[in-house]
Amino acid sequence: MTIRVIIVDDQAMVRAGFAALLAAQPDIDVVGEAPDGRQGVDVARSAHPDVVLMDVRMPELDGLSAAREILNPPPGVVHRPKVLMLTTFDVDDYVYEALRAGASGFLLKDAPPADLIGAVRVVAAGEALLAPSVTRRLIADFAAQRPAPRADRAALRLNGLTPRETEVLELIARGLSNQEIAGHLVLAEQTVKTHIGRVLAKLDLRDRAQAVVFAYESGLVTPGQGR
């Protein structure tokens, strides 16, 4: 299946470079571009991409606001693509807020080309781009600096999970992969995937990115906890 991608960035050369790189892949099709968040929302609604590469800082409408509009569309709009945030900074206020809004992760603009291609494929497959340690640090830092007003409610929602599901959620938040979780808990990897699916369904979360944010906001994992 071909992955449909749009690129939203205010720098024409960045858009052109990313488009050329991705279009050269046999399983990726670049179906649109936009120079700002407002046009990005419009292109996302018309082109129906699987993945939106969204710059954080842009004129007209910033990437965070555009991501919110794409991920929480008005009634009648049923298509909701995955959003991968692009940033030039390894720590950025907007990125944490974008994860809370439902973005599937973020990638530094100066990442190697192979990382960009891999990120698109990972996000399109329904996973979250949370492997880089900088992502875990960013989430932990902002969770520590900004106690969420929904913390009590989030903690209450944890009561709906089984002890095993709670354990799996904690390991997700610490940055472990499915394979690592399986090894840690001595489970089959498919069993881990089943537990993760149940966690996401019970907590009404889109993906692993939101699961990580939820784990910090609920107090299940505290910033600074290691693997």
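Which residues in α8 and α9 meet? I found Arg 164, Glu 167, Val 168, Leu 171 and Ile 172 in α8 meeting Ile 181, His 184 and Leu 185 in α9, where contact means heavy atoms within 4.5 Å. By class, I noted five nonpolar, one polar and two charged residues in the contact of α8 with α9. (Ala, Val, Leu, Ile, Met, Phe, Trp, Tyr, Cys and Pro count as nonpolar, Asp, Glu, Lys and Arg as charged, and the others, Gly among them, as polar.)

A note on what I am reading: this is a predicted model, in which local features need pLDDT of at least 70 and side-chain atom pairs count only at pLDDT 80 or more, while totals for chains, interfaces and linings use all residues. Residues are numbered from 1 along each chain as its sequence is written, and side-chain values use heavy atoms, with hydrogens and water left out.

**Entry: α8 and α9**
I looked up the axes of α8 (residues 163-173) and α9 (residues 178-185), which come within 10 Å and cross at roughly 130 degrees. That makes α8 oblique to α9. (Under 35 degrees counts as roughly parallel, over 145 as roughly antiparallel, 65 to 115 as roughly perpendicular and the rest as oblique; angles run from 0 to 180 degrees between N-to-C directions. Helices are DSSP runs of H or I, at least four residues, numbered from the N terminus.)

**Entry: α9 and α10**
Next I took α9 with α10 (residues 189-203), and their axes lie 9 Å apart at an angle of about 105 degrees. The two are therefore roughly perpendicular to each other. Asn 178, Gln 179, Ile 181 and Ala 182 in α9 meet Glu 189, Val 192, Lys 193 and Ile 196 in α10. I sorted this contact into four nonpolar, two polar and two charged residues.

**Entry: α8 and α10**
For α8 and α10 I read an angle of about 95 degrees, with axes 9 Å apart. That makes α8 roughly perpendicular to α10. On the α8 side, the residues that meet α10 include Val 168 and Ile 172. The classes here are six nonpolar, one polar and four charged.

**Entry: the inside**
I found one cavity of 30 Å³ or more (a set of points on a 1 Å grid where a 1.4 Å probe fits but cannot get out). Among its lining residues, which have an atom within 4 Å of a point, I wrote down Ala 44, Arg 45 and His 79.

Notes
1 Å grid on protein atoms, 1.4 Å probe; cavity = no way out; pocket = protein on both sides within 12 Å on 5 of 7 lines; lining within 4 Å. Points joined across faces, edges and corners; volume = space filled by probe spheres on them.
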